[in-house]
Amino acid sequence: MKRSIKETITGAMQVRLRKGAYGLMMLVVAVLGLALAIILYQRTIRDQQEDTRLAFEHRAMACAADVDREDDRGEALVQSLGAFVEATECMDRDRFRIFCAAAVRRDSCAQALEWVPRVPHARREEYEAAARSEGLAGFRFTERGAAGGTVPADLRDEYFPAYYVEPLAGNEADVGFDLGSDPARLATLVKAAETGGLVATPRLTLEQGKGAPFGYLMAQPVYETGASLGSPEDRRRHLRGFVLGVFRIGAIVESALAEEPPGGLDLYLFDDAAPAAERFLYHHASRTRLDPTKAGPEDLSKPAPFEYR
C-alpha cells in the first residue's frame, strides 16, 4: 500500500530527529570524556607536584639534619676543650697545642681553637712579654683599626686576647686579638660568663682562613677550680677565661653534605633572628649544576619558601 505524503514526511522527520539525538548524545559523551580527561590530567599533575614537593622537603630536611649533626660535633669539641683546660692547673702553650692537634684531626670543621684568658690591665705587659718569650715575635694585644688591619689594643680595665691559637698556620692574624674590643664578640663572652654555658656569636665575617667569609664563634667559660658559682656575680668574679671554637659556616655545610649523593638541590642557610641584611649565612650550590656560580636568588635577604634555617 502506498504511504501518504504526510506519513512519508513524518517518517523522514523522525529519522532526522533520531540521527540528531544520536549526534547530540555523541557530542555530550565527547564533551564529558574531554572534561574527565582534563580533570584526570590536572589531578595527575597535582599528584606529581605533591610528590615532588614531598621529595624536596624530605631531601632538604635530611640535609638540615646533616648540618645540625656537624654543628653538634663542633659544640662537643669546644666543651671537651673547656673540660681539658679547666682540669689542667698549669696550662701552657705546648699542652694546649698537643690537645688541639688531636682534636682538630677528629673534627676538621674548626677553623681554630683558642684559649682566651681574662687579663686585667695590670698584667697586660706580663702576658705580652711571656708570649714573645715563647717564640711569638712582636706579640701584642690588638684590635681592628678604623682603616682595617690591626692596631695595638686601647687601654681597658681588662682584656680577652686570643692567647693560644691552634692551628697557628692560617690563623696568624687572630693571635693577640682582644675579643673585648668587638661589641658582638664581647656580648657573647659576657653571656657565656654569666650563664656558665656554651654560647655562640651571631654571624661574623672571619678575617682568617680561606673560603666563604661568614662564620661564628662558640665560647665556653672556664672558672677557677673549686670556686662557688651559684650566681652570675660569682661566675664573673671567678672567671679565668674562655675556650673558643672558630667555625666557618661553609666548611661545616660542605663537610656535612660530603657523604650525601648529589641530589640537584641548592641549599640556603638563613638566620631568622638576625636583621634582614644579615640573615644570609651560606649557599651550597648543587653539585649537579654545570655552573654553580649562576645559582642563587637575587636578594639573599629574602629566602625561598622552603629552606634550612
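I began with the second largest pocket, whose volume is about 240 Å³. A pocket here is an open set of points on a 1 Å grid over the protein atoms alone, where a 1.4 Å probe fits and protein lies on both sides within 12 Å along at least five of seven lines; lining residues have an atom within 4 Å of a point. Points are joined across faces, edges and corners, and the volume is the space filled by probe spheres set on them. This is a predicted model: local features need pLDDT of at least 70, side-chain atom pairs count only at pLDDT 80 or more, and totals for chains, interfaces and linings use all residues. Residues are numbered from 1 along each chain as its sequence is written, and side-chain values use heavy atoms, with hydrogens and water left out.

I listed the lining of the second largest pocket. It has 15 residues, and Trp115, Pro117, Tyr127, Tyr163 and Tyr164 lie nearest the centre. β1 (110–117) and α3 (124–133) each supply at least two lining residues. Helices (H or I, at least four residues) and strands (E, at least two) are DSSP runs, numbered from the N terminus. α3 gives the largest share, three residues. By class I found nine nonpolar, no polar and six charged residues. Nonpolar covers Ala, Val, Leu, Ile, Met, Phe, Trp, Tyr, Cys and Pro; charged covers Asp, Glu, Lys and Arg; the others, Gly among them, are polar.

I stayed with α3. Which of its residues are buried? Arg124, Tyr127, Glu128 and Ala131 are. They sit on the same side of α3, because they cover an arc of only 95 degrees around the axis. The arc is that of the directions from the helix axis to the C-beta atoms. Buried means under 20% relative accessible area, exposed over 50%, and partly exposed in between (1.4 Å probe, protein chains only). Glu125 and Ser133 are exposed on the face turned away from the buried side.

Next came α2 (residues 93–106). Its 14 residues reach 20 Å from first C-alpha to last, close to the 20 Å expected at 1.5 Å a residue. That expected span is 1.5 Å times one less than the number of residues. Arg93, Phe96, Cys100, Ala103 and Val104 are buried in α2. They lie on the same side of α2, because their arc around the axis is only 100 degrees. Ile98, Arg105 and Arg106 are exposed on the face turned away from that buried side.

I then checked cysteines. Cys100 is buried at 0% relative accessibility, whereas Cys90 is exposed at 58%. How many disulfides does the structure hold? I found zero, taking a disulfide as a pair of cysteine sulfur atoms within 2.5 Å.

I turned to the largest pocket, with a volume of about 490 Å³. Its lining has 22 residues, with Asp71, Ala200, Thr201, Tyr216 and Leu281 closest to the centre. α1 (5–87) contributes the largest share, four residues. The lining divides into 14 nonpolar, one polar and seven charged residues.

Phe177 lies between β6 (164–166) and α4 (183–195) and is buried at 3%. Its C-alpha is 8.3 Å from that of Arg140, 37 residues apart in sequence. Ala274 is in the loop between β11 (267–270) and β12 (280–284) and is buried at 13%. Ala274 and Arg203 are 71 residues apart along the chain, with 8.4 Å between their C-alpha atoms.
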